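Hello,

Here is the structure I promised to pass on.

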Amino acid sequence: MVEYLEVGKIVNTQGIKGEVRVISQTDFPEERYKKGAKLSAFVKGKDPIELTVASHRKHKSFDLLTFEGYPSINDVEILRDSMLMVQKNDLSDLNEHEYYYYEIIGLEVYEENGEKLGQVKEILSPGANDVWVVQRKNKPDALIPFISSVVKKIDLTEQKVYVEIPEGLLDDED
C-alpha cells in the first residue's frame, strides 16, 4: 500500500489562471513544489488526483502553485480544501542531522536531567531556524528553537528528544 505524507493544504484559488493558494506544511517547499514535481490532491469523497507542478512562487505566507493541464480557475476549483500529499517513497535521503517534519512531530521531549517536558505537536518556520511547539501538561506550549545548543540528541528509535533549556527560555510562573 502506498503511504503518503502531507505537504500542504489548498485553501483557495488565486486569480483566474489556475493558480492555487497553499498553506505549506513541508520542510522543503523548493523541492516539493519545483516544476515537474508530482503531488497528489486528496479531495473529500474522491480518489486522489495526481498533479504535476507547472509553477511555484511565494506570496505573503502562501505558496502559489499551478499544475500542468489546469490552466484556469474553473479547472482548479475542485482542488479547493484538498490536502496535497507526496508519496513517502518519493522522499529523498537527508544528510546526517537533518529530519523530515513527520519524523519529529510526536516525539517526546526530555530535559537533560531526564524530566519530561512534553511532546512536539507542531513545527514553525519563522526564519533562520525552525521552532518546535512542545505541548506540556497543565502549562502553556513551549517554543523550542531547533538549534544545536538547545536540541542535544534526537533518538528516532526511542521516539525521544533531549534538550538543554537555556535560562529564561521557558519563564514559567511557578
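**What I found**

Among contacts (heavy atoms within 4.5 Å) between residues at least 6 apart in sequence, 48% join residues at least 24 apart. Please keep in mind that this is a predicted model, where local features need pLDDT of at least 70, side-chain atom pairs count only at pLDDT 80 or more, and totals for chains, interfaces and linings use all residues. Residues are numbered from 1 along each chain as its sequence is written, and side-chain values use heavy atoms, with hydrogens and water left out.

The protein has three helices and twelve strands; these are DSSP runs numbered from the N terminus, with helices (H or I) of at least four residues and strands (E) of at least two. Its C-alpha trace spans about 55 × 35 × 30 Å along the principal axes. Of the 174 residues, 36% are buried (under 20% relative accessible area, 1.4 Å probe, protein chains only).

Now for the inside. A nonpolar core is a set of buried Ala, Val, Leu, Ile, Met, Phe, Trp, Tyr and Cys residues joined through side-chain atoms within 4.5 Å. The largest one has 20 residues, and Leu39, Leu51, Leu65, Phe67, Leu79 and Leu84 touch the most other members. Two or more residues each come from E1, E2, strand E3 (38-42), strand E4 (49-59), strand E5 (62-67) and strand E6 (83-87). Leaving out residues up to four places away in sequence, Leu39 has contacts that include Val7, Tyr33, Leu51, Leu65, Phe67 and Leu84. Another core, of 17 residues, lies apart from the largest one and includes Ala142, Ile144, Ile154 and Val163.

There are also pockets to look at. On a 1 Å grid over the protein atoms alone, a pocket is an open set of points where a 1.4 Å probe fits, with protein on both sides within 12 Å along at least five of seven lines; lining residues have an atom within 4 Å of a point. The largest pocket is lined by 25 residues, with Ser24, Gln25, Thr26, Asp27 and Tyr101 nearest its centre. Strand E8 (116-124) is one of the elements that supply at least two lining residues, and E8 gives the largest share, four residues.

The second largest pocket has 16 lining residues, and those closest to its centre are Asp27, Tyr99, Tyr101, Asp130 and Phe146.

Terms used: Buried means under 20% relative accessible area, exposed over 50%, partly exposed in between (1.4 Å probe, protein chains only).
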